[in-house]
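Subject: Structure handover

Hello,

Here is the structure I said I would pass on. Please open it alongside this email and follow along.

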Amino acid sequence: MSATLSSHILDTHLGKPAADIAVTLHRIKDGGEATLLANGTTNNDGRVAPDSWEFDSNVDSAERNLSTGRYTLTFDTQSYFDAQKLTAFYPQVVIDFVVSDATHYHVPLLLSAHGYGTYRGS
């Protein structure tokens, strides 16, 4: 089984996509240990597409497939807000989610300097 993953960030304060935000993808093992799988950066449309993830060199090809299990996406929001000269309450956003089947998973982030929201997109 192999699922695909994408993400999208909308800056709700500015009403536009949030570009150049670094994102990391980790697999969470049963004991809670996190293993870095991949890095990504949002493009000008605020998106990290399924084919744009850069997998860590220590990750073997089998682990590059999103199999059933728990994962996290971590968004470096501090750098984004620093670049805009805004004081932010959340220096990073971590979204913890579960892959349960071989479909596409889209994890959007609605972001402002003092709050955020997320949901399973399509």
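Predicted model: local features only at pLDDT ≥ 70, side-chain atom pairs only at ≥ 80, totals over all residues.

Start with the open sheet. It has 5 strands in the order β6-β4-β3-β7-β8, and the pairing is antiparallel. The edges are β6 (54-55) and β8 (93-99). Each has a single partner strand, so one side of each is left without a neighbour in the sheet.

Now look at β7, residues 69-75. On one side, β7 pairs with β8 in the antiparallel sense, over 7 bridges. β7 is also joined to β3, again antiparallel, by 6 bridges. Is β7 enclosed or open to the outside? 5 of its 7 residues are buried, so β7 is largely enclosed by the rest of the structure.

- Y71 faces F97 of β8.
- L73 is opposite I95, also in β8.
- T24 stands opposite T74 of β7.

V93, I95, F97 and V99 make up the covered one. V94, D96 and V98 are on the uncovered one.

**The core**

The largest nonpolar core holds 28 residues. Which of them have the most contacts inside it? They are L5, L25, W53, L73, F75 and L111. Several elements give two or more residues to this core: β1 (4-11), β3, β4, β7, α1 (77-83), β8 and β9 (104-112).

Leaving aside neighbours within four places in sequence, L5 is in contact with L25, W53 and L73, among others. The list for L5 also includes V48, A49, P50 and L66. Further along the chain, L5 touches F97, H104, Y105 and V107.

**Salt bridges**

The count is 2 salt bridges.

One is between R70 and D96, with the closest N and O atoms 2.8 Å apart. R70 lies in β7 and D96 in β8, so the pair ties together parts that are 26 residues apart in sequence. Both ends are partly exposed: R70 has 38% relative accessibility, and D96 has 43%. D96 is also one of the residues on the uncovered face of β8.

The other salt bridge joins the side chains of R47 and D45, at 2.9 Å from N to O. R47 is partly exposed at 36% relative accessible area. D45 is partly exposed too, at 38%.

**Aromatic pairs**

There are 4 aromatic pairs. Two are worth a look.

Y80 and F81 form an edge-to-face pair, with 5.1 Å between centres and 70° between planes. Both residues are buried.

F89 and Y90 are edge-to-face as well, at 4.9 Å centre to centre and 85° between the planes. How do they stand in terms of accessible area? F89 is exposed, with 57% relative accessible area. Y90 is partly exposed, at 30%. Together with Y116, F89 and Y90 form one aromatic cluster.

There is also a charge over a ring. The charged end of R120 sits over the ring of Y105, 4.0 Å from the ring centre. Y105 is one of the contacts of L5 mentioned above.

Finally, E33. Where does E33 lie? It is in the loop between β3 (22-28) and β4 (34-41). E33 counts as exposed because its relative accessibility is 51%, and the cut-off for exposed is over 50%. Not counting residues up to four places away in sequence, E33 touches R27 and I28.

**Where to look**

1. L5 and its contacts, which include W53 and F97.
2. F89, Y90 and Y116, the aromatic cluster.

Best wishes

Key. Residues numbered from 1 in each chain as written. Heavy atoms only, no water. Helix = DSSP H or I, 4+ residues; strand = E, 2+ residues; numbered from the N terminus. Buried < 20%, exposed > 50% of the residue type's maximum accessible area, 1.4 Å probe, protein only. Contact = heavy atoms within 4.5 Å. Pairing = 2+ DSSP bridges. Core = buried A, V, L, I, M, F, W, Y, C linked by side-chain atoms within 4.5 Å. Salt bridge = Lys/Arg side-chain N within 4 Å of Asp/Glu carboxyl O. Phe/Tyr/Trp six-rings, centres within 6.5 Å; stacked < 30°, edge-to-face > 60°. Lys NZ or Arg CZ within 6 Å of the ring centre and 35° of its normal.
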